[in-house]
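Keep the structure in view as you read.

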Amino acid sequence: MLKIWGLGAATLLALCTAGTARAEWREVETAHFRIYSEGKEKDVVQYAERLEAVHYLMKIATGMKDDKPVNKVDVYYVYSVDELRRVLDAKPNSSVAGIYIPSIRGSAAIVPRNNDGGSLDPQAVLFHEYAHHFMLQYQPGAYPPWYVEGWAELISTASFERKGTITFGKAASHRQNELEYLRWIPLRSLIGRSKEDRDVINRDYGSYYGQSWLLAHYLTLADKRPGQLRAYLLAVLRGASDEEAWKAFGDVDELEREVRAYLRGRSFPYKAPPLPPEVMAIQSSRALRPGEAAIMDERIEALHQRMDEKERADIIARAEAEAARFPDDAAVQLFLAEQYADAEDWPKSAATAAAARWRSIPRSPARISRRDWHWRTARRRTRTRRAPRSTGRSNSPRTIPLSSMASSRARRGLAMRLAVRLSTSSSAQATSRRRMTASASRHPRP
Ligand SMILES: [Zn+2]
């Protein structure tokens, strides 16, 4: 979960560009991602390559051998933070910096290409979120909460300064202020899992991400305590109590002294492993068809779950208009069928989906992939089997705004069985707003 601060006012840039002609939408596909973005092909290809590079980095950092094919993550790049908030219908003073939507039908992320002068690099936001996705997808387990965030922060600073390398463990400079100026969470509480520990963390939540990063960095890259982090994590995964798991560190108070000295030393080693070009292979790159491009706004909006009936009806009306403009584009028809299904209008959904399927069969330029077809129809079948509800409420996948602690908790509870309840104090929020650089340090109460 990441958020940025101080982006309340709509930027002049966004206002100026709102009326200008839009660039072509592209889809670039790699082994683990489908990237959708407007803009030059080389830029979109670079987004895709960098995401694959980060996937590779996590693979080597975790020693993962086999990399089984999984559902690809759809990543939608929108122009700016303001554009993101517009499509998500977020309030102008919202702190949403991007959104990540885990789903059994394929996870998706929506991120801005530009950060509108905010303190947090959108690329770092995406890498942080993908680190969570990677952990859930490839290394599931009951990790301690501080490590989940510390690890994601370690990955978030990946950079590409020298051609053919990627950096691992560069200093999280966006955490500097919170580490230097906010109250220190005692290490035993930071890594503890009791209710009392959670209360301590909640009181000084502003320091939580920074300290989690610092501890993860020290145990991973400082080369002072080899093997201890692994032993500790294995103990936690085995279900050991805090006291038992901490035995991996020896004296926890001594570890705390070392970590604080590490922070004072201001020298954080990092690695720059080679990046084999083949790990960033592009499988395909194409301009979206006019019909597909026409529904991109609606497609992105429809990913957002909290849609009331009025918003749902609005999306359907717009999708119907596009479907009428592009009667032969199966993707447009299928999108409309999905919207009917989300509104639980089964007859219309079935009829539209059947027509889309029919259109997609005979080598049509609008042919949809077998995989897309499979999950979309599977979802429809699942829904049809259920007794239709009369509310007409959306049943789209859970959405996790990067800044929402309610969603953050839900995701952890669902997928990682983590137990820490995270909240914040209003005084801590005020401190953070003054500092303007602590990106993910606090989350509003749901
Ligand atoms: Zn996070």
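**Two helix pairs**

α15 and α16 are roughly antiparallel to each other, a term for angles over 145 degrees. This is a predicted model: local features need pLDDT of at least 70, side-chain atom pairs count only at pLDDT 80 or more, and totals for chains, interfaces and linings use all residues. Residues are numbered from 1 along each chain as its sequence is written.

**α15 with α16**

- Helix α15 spans residues 309–325 and helix α16 spans residues 330–342.
- Their axes lie 9 Å apart, at an angle of about 155°. (Axes are lines fitted to C-alpha atoms, for helices over the stretch in contact; angles run from 0 to 180 degrees between N-to-C directions.)
- The contact includes Ile-315 and Ala-319 of α15, and Phe-335 and Leu-336 of α16. (Contact means C-beta atoms, placed from the backbone, within 7 Å.)
- This contact of α15 with α16 has 8 nonpolar, 2 polar and 4 charged residues. (Ala, Val, Leu, Ile, Met, Phe, Trp, Tyr, Cys and Pro count as nonpolar; Asp, Glu, Lys and Arg as charged; the others, Gly among them, as polar.)

**α4 with α5**

- Helix α4 (residues 122–138) and helix α5 (residues 145–156) have axes that come within 8 Å and cross at roughly 130°.
- That angle makes α4 oblique to α5 (oblique is what remains after under 35 degrees, roughly parallel, over 145, roughly antiparallel, and 65 to 115, roughly perpendicular).
- The crossing of α4 and α5 is right-handed.
- Among the α4 contact residues are Phe-127 and Met-135; α5 residues include Trp-151 and Ile-155.
- The contact of α4 with α5 counts 8 nonpolar, 3 polar and 1 charged.

Notes
Helices (H or I, at least four residues) and strands (E, at least two) are DSSP runs, numbered from the N terminus. A crossing is left-handed if the near helix is turned anticlockwise from the far one by less than a right angle, and right-handed if clockwise. Two residues are in contact if their C-beta atoms, placed from the backbone, lie within 7 Å.
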